[in-house]
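The sequence and structure come first.

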Amino acid sequence: MIIENVRIYSPDRLYNPDKTYSLHIEDGVFTKVQEGSSGEIGAIDGEGRTVAAGFIDSHMHLLRFGLLKKELDLTDVTSWEDMKQEVEEHYTSIEDKNWIFGKGFDDAQFTDIDHLLTSEDLNEIDVNKHMYFMHHDQHECVISNKLLKKLEEEEDFYKQPEVFKERDQEGNLTGRFKDTMVHFINYHLWERSIEDTKKALCEAIPFLLQNGVTSVHSDDRSFVGSYKTLWDAYEQVEAQGDLHIEAFLHHYVYDEKDLDDFIRDMSLRTGEGTNHVKVGSIKIFLDGTQRLHTAAMRQPYPDAPETTGQLIYPQEDLNRMIRKASEAGMQVAMHALGDRAVESALIALEQEEANTHQLRHRIIHAQTLGEDLLERLGEVGAYIETQPTFLMAEWDKKGNWSPEELLPYCDSFKKMLTHQIPITLSSDAPIGSINPIDSVFAAVNRVDDNHNPKGGWMPQEKLTIDESFKAFSETPAHLEFQEQRKGLIKEGYQADFVFLNKFPSEIDPLQLRSITVEETWTKGTCVYNRKDS
């Protein structure tokens with residue numbers, strides 16, 4: 001197959017933007033990229049449109065995204081009364097349901113109550129049901145009294161850090177939990193069948209394709225119960241011909257024993273698997289989130305000076321886990337949001353046994369750094385996975401969470417590149433926008449939806465359009481160890497690409513969100529066409 005008369009947008013400027021090219025594709029691979037017309041009868045006319053490499057989202061939760069499309073979505077509720085009404089309308093016969101489940105609420109914005117929801121409030125819905133409601137940012141949840149009693153029967157519950165369990169003034173649990181306790185509850189008390197998992201994945205995949213995402217690195221184990229169930233569901237979706245992407249599945253570990261079990265029971269390692277489903281990284285949470293003051297910081301929070309957040313693992317335990325994973329040939333991805341958590345990750349990655357350069361270990365978020373950490377990150381060889389859309393909603397709150405002298409090191413994307421730290425842009429969907437163009441817009445402009453603050457927050461940290469697109473295509477291919485076959489429009493590379501309505505580098509940066517995906521192609525096959533949607 002040949003597609004001719006196309007302009008090629010390449011962040012590395014491999015092609016002249018003033019010329020058109022012909023793409024020769026065979027067996028899902030670019031066999032030739034030819035300047036000008038191919039001269040071949042039957043070639044598809046690209047009509048001078050723009051093509052670019054498909055987007056690779058290196059940090060998201062695809063199953064969670066799909067579940068939101070089929071389960072109760074509370075993201076738009078603005079009051080407790082609205083939330084109760086949504087629950088009653090979704091679960092039309094509550095008396096027949098043993099579980100009541102919803103996601104996406106933000107009770108800090110509710111207009112009719114002056115407190116955050118607790119298990120006692122949920123009694124207004126039903127006193128005899130297992131109820132679980134997850135906060136919008138997925139770092140917090142509230143559960144019913146009945147589910148709370150079930151949770152207290154779990155022996156491992158008492159091994160979890162107390163800082164992630166909310167208690168009232170009398171020391172009683174309120175039913176609200178944070179960070180790793182949310183994952184603990186998901187894993188221990190909630191499990192979905194393969195059929196439910198497949199349905200959710202099939203709900204989510206079209207959203208990827210319409211946004212030009214051709215590969216994902218997804219962390220979803222805690223929402224399905226077991227890695228085997230998750231893997232089997234993906235394989236079955238692949239077998240039925242509906243998995244039009246490549247998916248790298250992370251394995252979230254809850255403790256060292258969980259890691260040991262995975263290494264013993266799973267024969268495949270990072271990058272291995274089927275044509276479309278492959279093993280991703282070992283996922284380890286090191287801290288929480290700044291909104292809840294659970295991200296581990298080296299200095300006290302300006303708006304909560306009594307705390308510096310919480311590290312989940314003692315350093316020697318983390319060091320040992322990183323050594324075990326690395327010696328087993330597994331890449332590691334560590335959630336480290338605060339600078340103290342990043343420092344802890346660095347200490348573990350600097351071990352010789354971590355083999356960081358070869359395994360290309362990752363640090364997720366790294367929202368607060370320092371000059372010393374940047375220098376060490378540049379030397380150790382770890383990759384940083386950033387989520388620029390978070391900045392759009394949080395830029396005016398950064399001063400609450402980091403001392404003034406550290407603000408230039410918050411979401412310091414440009415400094416990372418200056419220190420030769422490879423970075424990716426990613427969505428963290430469904431928390432962030434699944435549309436890669438939104439992430440590019442945020443990285444390039446550092447403003448919110450209303451284009452505030454004028455000129456961008458910490459504008460010295462803006463990325464260029466080319467740097468942003470590269471961080472969503474070429475760089476994440478390195479994390480897959482596929483940089484010789486993915487992430488570029490180039491001879492010998494997998495034919496994953498998109499047609500865009502505009503040429504990215506010719507757009508005013510503030511107008512980047514006017515870019516839309518017209519077609520998405522994976523492995524040489526068109527899997528999405530806006531005209532048909």
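## Charges over rings

In this predicted model, Lys-415 sits over the face of Tyr-409, 5.0 Å from the ring centre. Arg-7 is placed over the face of Phe-503, and the distance to the ring centre is 4.2 Å.

## Aromatic pairs and a cluster

Phe-503 also belongs to an aromatic cluster, which it forms together with Tyr-9, Phe-55, Phe-469 and Phe-472.

Across the structure there are 16 aromatic pairs. One of them joins Tyr-227 and Phe-262 in an edge-to-face arrangement, with 5.5 Å centre to centre and 90° between the planes. This pair links distant parts of the chain: Tyr-227 belongs to helix H7 (residues 227-239) and Phe-262 to helix H8 (residues 256-265), 35 residues apart.

Tyr-227 counts as buried because its relative accessibility is 6%, under the 20% cut-off. Phe-262 is likewise buried, with a relative accessibility of 6%.

## Cavities

Searching the whole structure gives four cavities of 30 Å³ or more.

The largest cavity holds about 100 Å³ of space. Its lining consists of 13 residues, and those nearest the centre are His-61, Arg-64, His-139, Phe-285 and Ile-431. Sorted by class, the lining of this largest cavity comprises seven polar, four charged and two nonpolar residues.

Methods. Residues are numbered from 1 along each chain as its sequence is written. This is a predicted model: local features need pLDDT of at least 70, side-chain atom pairs count only at pLDDT 80 or more; totals for chains, interfaces and linings use all residues. Side-chain values use heavy atoms; hydrogens and water are left out. Rings of Phe, Tyr and Trp (its six-membered ring) pair if their centres lie within 6.5 Å; planes under 30 degrees apart count as stacked, over 60 as edge-to-face and the rest as tilted. Helices (H or I, at least four residues) and strands (E, at least two) are DSSP runs, numbered from the N terminus. Buried means under 20% relative accessible area, exposed over 50%, partly exposed in between (1.4 Å probe, protein chains only). A charge sits over a ring if NZ of Lys or CZ of Arg is within 6 Å of the ring centre and within 35 degrees of the ring normal. On a 1 Å grid over the protein atoms alone, a cavity is a set of points where a 1.4 Å probe fits but cannot get out, and a pocket is an open set with protein on both sides within 12 Å along at least five of seven lines; lining residues have an atom within 4 Å of a point. Grid points are joined across faces, edges and corners, and a volume is the space filled by probe spheres set on the points. Ala, Val, Leu, Ile, Met, Phe, Trp, Tyr, Cys and Pro count as nonpolar, Asp, Glu, Lys and Arg as charged, and the others, Gly among them, as polar.
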